[in-house]
Amino acid sequence: MRKVEIPKPGGKGVRLLGIPTVVDRLIQQALNQVMQPIFDKDFSESSYGFRAGRNAHDTVRQARNHVASGKRWTVDMDMDLEKFFDRVNHDILMSRIARKIGDERILKLIRRYLESGMMAGGVVSQRTQGTPQGGPLSPLLSNILLDDLDKKLEGDGHVLPLCG
């Protein structure tokens, strides 16, 4: 992957992207198209980030509905999970994927994407953690990893429109 750094809004540092080759993007998009329906149907109903047919406007609409239904307050949790993509534990993510994907070839392919190096200035740096932002599969991988958190918050009685 090609390493690209883009500035975060408000001058809050840079976001590291891993831009896959054209062939890798094609393969990741194919994986995403097959995996998305398998995982999406079981994601929390309160999760709106990176999901087909859902967007930030839906999150705001849901928050307004909560207030209109008698809830006394709502919290705008517009936040960036700092360095989330950079710190993803591969083993934990892969175990969550393996809950629904049993094909070892697919699991090995995803693991190889996670572990593939990033090239900057002709030098490749190896990855032992993190999932690169910038490929078609990255948003789905983040939702797979964060789904247990979404459900835990709901299980604790929080009524949330969650937007990742």
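Predicted model: local features only at pLDDT ≥ 70, side-chain atom pairs only at ≥ 80, totals over all residues.
Among the elements, helix α3 (residues 90-98) has the highest mean pLDDT, at 96, while helix α2 (residues 56-68) has the lowest, at 80.

**The hairpin**

Let's start with the strands. Strand β1 (residues 2-7) and strand β2 (residues 14-19) run antiparallel and are joined by 6 bridges. If you want a landmark for the pairing, look for Glu5, which stands opposite Leu16 in β2. The two strands make a hairpin with 6 residues between them, and in the turn you'll find Gly10, which has a positive phi of about 75°.

**The helix pairs**

| Helix pair | Axis distance | Angle |
|---|---|---|
| α1 and α4 | within 12 Å | roughly 130° |
| α3 and α4 | within 11 Å | roughly 155° |
| α3 and α5 | 10 Å | about 90° |

Take α1 (residues 22-40) and α4 (residues 104-115) to begin with. Angles over 145 degrees would count as roughly antiparallel and those from 65 to 115 as roughly perpendicular, so α1 and α4 come out oblique to each other. Their crossing is left-handed. On the α1 side the contact is made by Asp24, Ile27, Gln28, Leu31 and Met35, and on the α4 side by Ile106, Leu109, Ile110 and Tyr113. Sorted by class, that gives 7 nonpolar, 1 polar and 1 charged residues.

Next, α3 against α4. Their angle makes these two roughly antiparallel to each other, and the crossing is right-handed. From α3 come His90, Asp91, Leu93, Met94, Ile97 and Ala98; these meet Leu107, Ile110, Arg111, Leu114 and Glu115 of α4. The class count here is 7 nonpolar, 1 polar and 3 charged residues.

That leaves α3 with helix α5 (residues 138-155). These two are roughly perpendicular to each other. Ile92, Leu93, Arg96 and Ile97 in α3 meet Leu141, Ile144, Leu145 and Asp148 in α5. By class, this contact has 6 nonpolar, no polar and 2 charged residues.

Technical notes: Residues numbered from 1 in each chain as written. Heavy atoms only, no water. pLDDT = per-residue confidence, 0-100. Helix = DSSP H or I, 4+ residues; strand = E, 2+ residues; numbered from the N terminus. Axes fitted to C-alpha atoms, helices over the stretch in contact; angles between N-to-C directions. Parallel < 35°, antiparallel > 145°, perpendicular 65-115°, else oblique. Left-handed = near helix turned anticlockwise from the far one by under 90°. Contact = heavy atoms within 4.5 Å. Nonpolar A, V, L, I, M, F, W, Y, C, P; charged D, E, K, R; others polar. Pairing = 2+ DSSP bridges.
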